[in-house]
Amino acid sequence: MIIDWLRAGKAPEARPRLSTRRRYAHAQPANNHSRHGCGRGNVWRYRRAELAAAMGEATRPQRPGIGVGVVVTSPAHPNCVLLGKRKGPIGAGTYQLPGGHLEFGESLAECAAREALEETALRLHNVRFASAVNSVCAAERYHYVTVLMKGEAEPGEEPRNCEPDKNEGWEWVKWDEFPPVEQLFWALRCLREQGYNPFTEDLDHLKGYTGSHQLE
């Protein structure tokens, strides 16, 4: 066609320029779906998702945290468990076990060993599962699922308070002489109320457990 125009001495007529929106609409198949199956509806869904992400955490539903607590024992302190006293805005003054958040890709045993080393300078061996608790305190907007592991300190090692901004100090406390449950931080309180015994290997304390700890 262009050759015929040139032979006739005519220039080709300019095609009307479409706006960006019209060009986009013109390029869409009649059924509003691209060859990848992403139609206009999907495009708008993606844009809404991007907007929601940009608005930050306020748009996301609250979900429980995942923590790991560690029941630490030592052959040098028979029938004792390592306890600390919390500092900070939540649970200050209550007794706690070593522990913290489970990191991405970490096993439960790895998390327990790492947290014990970071907080107490103790190296643990024979780390294994002890229990799991679901602790909810609506008044404090606190909800954690805590997996409890247990392990033994290496012979001859004693704890050091490696995080004095979070903990007043560590001490060995006999399991049968624990503070009252009202003085225990929530995960440890739930563990005690389960009837857990750190000096046996059975899991009878989990029989019938429904994870319904609602704390005040």
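Predicted model: local features only at pLDDT ≥ 70, side-chain atom pairs only at ≥ 80, totals over all residues.

**Backbone, exposure and pockets**

Reader: Thanks! Where is N79 found?

Author: N79 has a positive phi of about 60° although it is not a glycine. As for its place in the chain, N79 is found in the loop between β1 (65-73) and β2 (80-86).

Reader: Which strand is N126 found in?

Author: N126 is not a glycine, yet it has a positive phi of about 55°. Its relative accessible area is 46%, which makes N126 partly exposed. The element that holds N126 is strand β5 (residues 124-137).

Reader: Is T210 buried or exposed?

Author: T210 is found in the loop between α5 (186-194) and β8 (213-214). The cut-off for exposed is over 50%. T210 has 63% relative accessibility, so it counts as exposed.

Reader: And how far apart in space are T210 and V133?

Author: Along the sequence, T210 and V133 are 77 residues apart. From C-alpha to C-alpha, the separation of T210 and V133 in space is 9.2 Å.

Reader: Which element supplies the largest share of the lining of the largest pocket?

Author: At least two lining residues come from each of β1, β4 (99-101), α4 (108-120), β6 (142-153), β7 (167-174) and α5. By class, the lining of the largest pocket has 12 nonpolar, nine polar and seven charged residues. The largest share, four residues, comes from β6.

Reader: How many nonpolar, polar and charged residues are in the lining of the second largest pocket?

Author: About 190 Å³ of space lies in the second largest pocket. Among the residues that line it are Q62, R63, P64, I90, C137 and H143. β6 gives the largest share of this lining, three residues. Sorted by class, the lining of the second largest pocket has six nonpolar, three polar and three charged residues.

Notes:
Residues numbered from 1 in each chain as written. Heavy atoms only, no water. Buried < 20%, exposed > 50% of the residue type's maximum accessible area, 1.4 Å probe, protein only. Nonpolar A, V, L, I, M, F, W, Y, C, P; charged D, E, K, R; others polar. 1 Å grid on protein atoms, 1.4 Å probe; cavity = no way out; pocket = protein on both sides within 12 Å on 5 of 7 lines; lining within 4 Å. Points joined across faces, edges and corners; volume = space filled by probe spheres on them.
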